Amino acid sequence: MGGNHVFWRFRLFNRVGVSKHNTNSTLQQCDKNELLRYANDFRGLDTLHATMSLLSVPTTSALPSSQLIPASHPAVTRILHRLSRHSLLSLVLDWLDERNQETSAPYLVSPDDEGDDEQDFYPPAYSLPSLREIYTDLQARKGSKRDIVDRILEGDWRDGISLYQLAMADMQYLYDHPASQKWTALKIVQLSTESSAPSGKEHPSIPRFHPATFLRNLQREALPDVKAHYNLDRHPTLPLLILRVFILESPYNTSLALHSAKERTTFDASKTFYVAFPDFSPYIYVSLAATSSSAPGSVSSADNKSLRNLMLEGIPKAFSKPRDRFKLEGTSLSARNLDALVERRGGGRTNAAGGGWSVYAKDKKDNDNPLNVQLRTPESSILEDGQEDKRSAQKKSLGMKRKRVEDESVVKRRKLVAKGRFGNSGKANDGQGIERLDVRLEDHFPATSAAPDDDIDTPGAEEPGNRGKKQKGRRSTITLELDRTEDDDELAGDGWRPDIRVTFHGSHIFAGIRELAEAGIIDGEKMPGWMTGEEGVSVGVVKDGRIRGYKGSGL
């Protein structure tokens with residue numbers, strides 16, 4: 001501002017026709033109104049300079065992790081109140097770590113400063129160790145969660161909460177509630193170009209993942225009027241990295257961009273999604289089904305979905321490099337359980353060993369191999385002679401020709417059959433359950449020996465293409481997805497294929513089917529393989545006895 005003052009001073013002198021030597025005498029002869037007008041020009045320059053410091057300039061960079069959000073923002077209170085008291089205190093101690101002070105520094109004062117802080121309900125601490133000691137003592141005694149949130153927002157972080165701190169709170173909620181997000185497994189596939197000549201070295205199917213380079217490339221693929229905040233975190237128990245992406249519809253990355261007119265929708269849940277990267281695996285897990293606080297059919301909900309899809313399209317581009325491009329393919333597997341996805345689409349040996357084949361994926365010292373010529377003696381044939389003679393004597397005395405359903409040997413045989421079909425999978429306490437399984441059956445209807453002059457009308461038999469007619473009412477998501485898998489060979493007139501759709505619901509689908517097989521409700525020997533989880537899909541089409549995944553994916 002010093003240069004501007006000098007410029008306007010010389011302009012004032014030139015207007016009144018003076019030089020630097022007779023300034024005082026000329027100012028006394030000058031009109032007072034003119035002097036007041038130029039004095040207002042000086043104040044206008046000061047106001048302009050203060051305004052310029054608050055202006056935001058469009059940029060292509062991401063939102064900084066140290067960007068503060070006011071503690072009075074409703075989204076901050078909502079996110080912190082979702083956590084339990086124990087998780088909230090553990091999170092605060094992570095904020096107070098020395099390594100996180102650049103992005104989560106609390107409000108501290110020096111011992112020499114004595115002001116209104118003594119009358120404050122939450123007096124500020126003097127150092128980080130003293131503040132850590134306060135929250136450690138809060139962990140040791142009982143209390144309410146509301147007191148902890150009030151101390152955070154009104155005391156130790158009264159200046160605001162950073163984006164990094166909100167991201168840590170969201171990740172903590174995800175770890176505390178693993179079923180809060182629905183994950184979809186996608187496969188990273190290399191694009192095959194015609195110009196690529198075959199070489200002696202085979203390119204790896206898994207792209208190299210470097211977090212800093214990946215985030216920089218992902219931000220480069222974002223729209224210029226959209227800003228995002230990225231936060232990478234290591235899962236505490238599973239071998240994967242989780243990326244949290246928060247989307248902001250603004251070309252600016254300043255605090256003014258976060259304070260929009262609709263501040264309640266700025267941190268809407270639909271603007272946040274997660275991407276999980278398992279170790280040594282060509283798959284990623286995407287959570288795009290975040291619940292929105294707005295109506296499902298509203299414009300804001302549709303816009304947020306479009307923004308999430310655009311960010312999803314940038315993921316394979318962020319992996320790509322010159323002459324080495326990738327794309328994403330569906331795997332027909334969705335679940336709320338990350339353990340189930342790591343088991344079926346991870347970096348281990350269980351990706352192609354589902355159901356009864358899972359026994360061969362475990363590291364064993366014995367030579368248990370499905371290609372062995374010598375078959376092992378089944379356990380069902382190893383029975384003590386005394387017990388077998390006793391059972392036969394009881395049957396003769398009762399005059400029974402067949403075994404009872406409650407007979408010990410029958411129950412044991414059913415359990416052995418279920419063990420052979422499911423192997424080590426499908427157990428209620430394994431923590432790898434899938435909540436939903438949608439299957440459409442497209443097998444041929446069995447031919448009947450009815451006379452040709454029968455007047456029996458089978459619904460839909462005379463119209464094999466009635467499935468293509470427009471149905472009234474709301475169509476489910478599984479109906480829309482499975483209808484897209486129809487191929488041209490279905491119209492070849494090879495017989496009537498009834499449209500049968502089966503949906504399984506539960507906390508652990510395959511564990512429930514295994515229990516039904518052990519109870520004798522389902523025939524374990526005639527049960528198809530897709531009911532044991534061999535294919536590793538949650539959406540599929542069964543045709544001619546074989547299942548295929550949605551859009552041709554699956555095993």
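1. pLDDT is the predictor's confidence in each residue, from 0 to 100. Over residues 45-53 the pLDDT stays under 50. For this stretch the model has six contacts (heavy atoms within 4.5 Å) beyond four places in sequence. Residues 450-468 also have a pLDDT below 50, and there the model has 15 contacts beyond near neighbours in sequence.

2. This is a predicted model, in which local features need pLDDT of at least 70 and side-chain atom pairs count only at pLDDT 80 or more, while totals for chains, interfaces and linings use all residues. Residues are numbered from 1 along each chain as its sequence is written, and side-chain values use heavy atoms, with hydrogens and water left out.

3. The chain has a mean pLDDT of 75, and 64% of its residues reach 70 or more. Its secondary structure comes to 18 helices and 12 strands. Helices (H or I, at least four residues) and strands (E, at least two) are DSSP runs, numbered from the N terminus. Among these elements, helix α1 (residues 2-16) has the lowest mean pLDDT, 40, and helix α5 (residues 85-95) has the highest, 95.

4. Some totals describe the whole chain. Of its 555 residues, 37% are buried. Buried means under 20% relative accessible area, exposed over 50%, and partly exposed in between (1.4 Å probe, protein chains only). The chain exposes about 34,000 Å², and carbon and sulfur atoms supply 51% of that area. Accessible areas come from the Shrake-Rupley method with a 1.4 Å probe; for residues, only the protein chains shown count as cover. Among contacts with a separation of 6 or more, 74% join residues 24 or more positions apart.

5. Which residues of helix α4 (residues 74-81) are buried? They are Ala75, Val76, Ile79 and Leu80. These residues lie on the same side of α4 because they cover an arc of only 125° around the axis. The arc is that of the directions from the helix axis to the C-beta atoms. The cover over the buried residues of α4 includes β1 (68-69), α5, α8 (145-156), β2 (161-162) and α9 (163-176).

6. In soluble globular proteins, nonpolar side chains tend to be buried together. A nonpolar core here is a set of buried Ala, Val, Leu, Ile, Met, Phe, Trp, Tyr and Cys residues joined through side-chain atoms within 4.5 Å. The largest one has 34 residues. Those with the most contacts inside it are Leu80, Trp95, Tyr135, Ile152, Leu153, Trp157 and Phe267. At least two residues of this core come from each of α4, α5, α7 (128-140), α8, α9 and β5 (240-248). A second, separate core has 32 residues, including Leu240, Ile242, Tyr283 and Ile434.

7. Apart from neighbours within four places in sequence, Leu153 is in contact with Ala71, Val76, Thr77, Leu80, Arg158 and Ile161.

8. Phe280, in the loop between β6 (272-278) and β7 (283-287), has a phi near 55°, a positive value in a residue other than glycine. Phe280 is exposed, with a relative accessible area of 73%. Arg323, in the loop between α13 (299-319) and β8 (326-335), is not a glycine either, and its phi is positive at about 65°. Arg323 counts as exposed at 86% relative accessibility.

9. A polar atom of the His508 side chain lies 3.4 Å from the backbone nitrogen of Ala511. Leaving aside neighbours within four places in sequence, His508 is in contact with Gly426, Lys427, Ala428, Asp430, Gln432, Gly433 and Ile434.

10. Two further loop residues are buried. Pro282 lies in the loop between β6 and β7 and counts as buried at 15% relative accessibility. Pro282 and Leu328 are 46 residues apart in sequence, and their C-alpha atoms are 10.0 Å apart. Gly356 lies in the loop between α14 (338-344) and α15 (385-398) and counts as buried at 13% relative accessibility. Gly356 and Gly529 are 173 residues apart along the chain, with their C-alpha atoms separated by 9.0 Å. Not counting residues up to four places away in sequence, Gly356 touches Gly420, Arg421, Phe422, Gly423 and Glu534.

Technical notes
A polar contact is a pair of N or O atoms within 3.5 Å; within protein, one must be able to donate a hydrogen and the other to accept it, and residues adjacent in sequence count only if both atoms are side-chain atoms.
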